[in-house]
Amino acid sequence: MSQLMVRSVPPFRVPGAPGQAAGSGDEPLEAAARTLLDDVELGRARDLEPRPREAFLAGRLALRRFAAELLGVPAADLTAAYDCPQCGPGSAHGRPGYALRGEPVPLLLSLSRSAGWILMAAVADPSPGLRLGVDVQDPAGTDFAGFDALVLGAAEQASLRGLAAAELLAGRARLWARKEAWLKVCGTGLRTAPDTVEALEHPGIRDLPPAESGLPAHFAAAVALACVPKGD
């Protein structure tokens with residue numbers, strides 16, 4: 001069975017340069033992006049506001065370097081090959097992937113961002129039809145009126161009954177991360193109403209503990225893996 005590999009990157013770091021803060025002068029984010037990212041990625045970044053742009057560039061750099069390390073090739077040799085289930089291959093969004101010398105690389109990839117942190121997962125040499133999704137959530141992001149009705153099904157709401165304050169937010173974040181990870185496997189994202197996705201006891205989803213994810217202990221993270229029939 002293919003091994004799952006997980007890595008996180010803290011906020012304000014230039015991915016691929018451990019210990020270096022973004023903007024420190026050694027490898028500014030924009031300069032790294034111009035060096036390594038493809039035109040389609042840079043074009044998408046130009047359409048974003050400054051903060052989302054920084055997050056987007058940091059995520060793309062982190063994922064490219066992660067993939068290059070796993071493949072044992074220079075990051076600059078990879079070409080972005082994202083595949084959107086709606087728009088098709090070659091878009092600047094969708095399921096992440098790369099090509100090397102025109103051939104798709106044998107690597108499943110997924111990425112998520114929350115509160116500046118980047119979480120990545122990969123499976124090398126995946127079985128045919130295998131799909132991957134990973135997600136991270138800062139519990140603070142679930143602290144708004146109507147979250148439960150919007151996101152959670154009846155059984156999930158019942159599982160949180162009696163919780164309050166930080167425990168409630170942590171429970172919400174765990175379920176939300178599990179749902180998002182599964183929706184990435186499905187390729188539908190939030191076009192599927194999240195309250196229709198049963199994530200409480202789903203066999204294809206598991207939580208990622210901090211020791212495995214490298215994330216702060218209060219964050220919630222989950223990974224989903226499933227074989228999807230061809231054409232779905």
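**Close-up 1. Arginine 7 and glutamate 69 form a salt bridge.** Their closest N and O atoms are 2.8 Å apart. A salt bridge here is a side-chain nitrogen of Lys or Arg within 4 Å of a carboxyl oxygen of Asp or Glu. The pair links distant parts of the chain, 62 residues apart: arginine 7 sits in strand 1 (residues 4-9), glutamate 69 in helix 3 (residues 50-71). Helices (H or I, at least four residues) and strands (E, at least two) are DSSP runs, numbered from the N terminus. Arginine 7 is partly exposed at 31% relative accessible area. Glutamate 69 is also partly exposed, at 49%. Buried means under 20% relative accessible area, exposed over 50%, and partly exposed in between (1.4 Å probe, protein chains only). The model is predicted: local features need pLDDT of at least 70, side-chain atom pairs count only at pLDDT 80 or more, and totals for chains, interfaces and linings use all residues. Residues are numbered from 1 along each chain as its sequence is written, and side-chain values use heavy atoms, with hydrogens and water left out.

**Close-up 2. Lysine 179 meets glutamate 156 in a salt bridge.** The N to O distance is 2.8 Å. Lysine 179 belongs to helix 6 (residues 165-186) and glutamate 156 to helix 5 (residues 154-159), so the contact ties together parts 23 residues apart in sequence. Both lysine 179 and glutamate 156 are buried.

**Close-up 3. Glutamate 212 pairs with arginine 206 in a salt bridge.** The closest N and O atoms lie 2.8 Å apart. Arginine 206 is partly exposed, with a relative accessible area of 37%. Glutamate 212 is partly exposed at 30%.

**Close-up 4. Asp38, Glu41, Arg60 and Arg64 form one network.** Salt bridges that share partners join these four residues. The salt-bridge count for the model comes to 12.

**Close-up 5. Serine 127 lies in a loop between two strands.** The loop runs between strand 8 (117-124) and strand 9 (130-137). Serine 127 is partly exposed, with a relative accessible area of 43%. The C-alpha atoms of serine 127 and leucine 108 are separated by 9.9 Å. Along the chain, these two residues are 19 residues apart.

**Close-up 6. Cysteine 186 is partly exposed, and cysteine 227 is exposed.** Relative accessibility is 32% for cysteine 186 and 56% for cysteine 227. A search of the whole structure finds zero disulfides (pairs of cysteine sulfur atoms within 2.5 Å).
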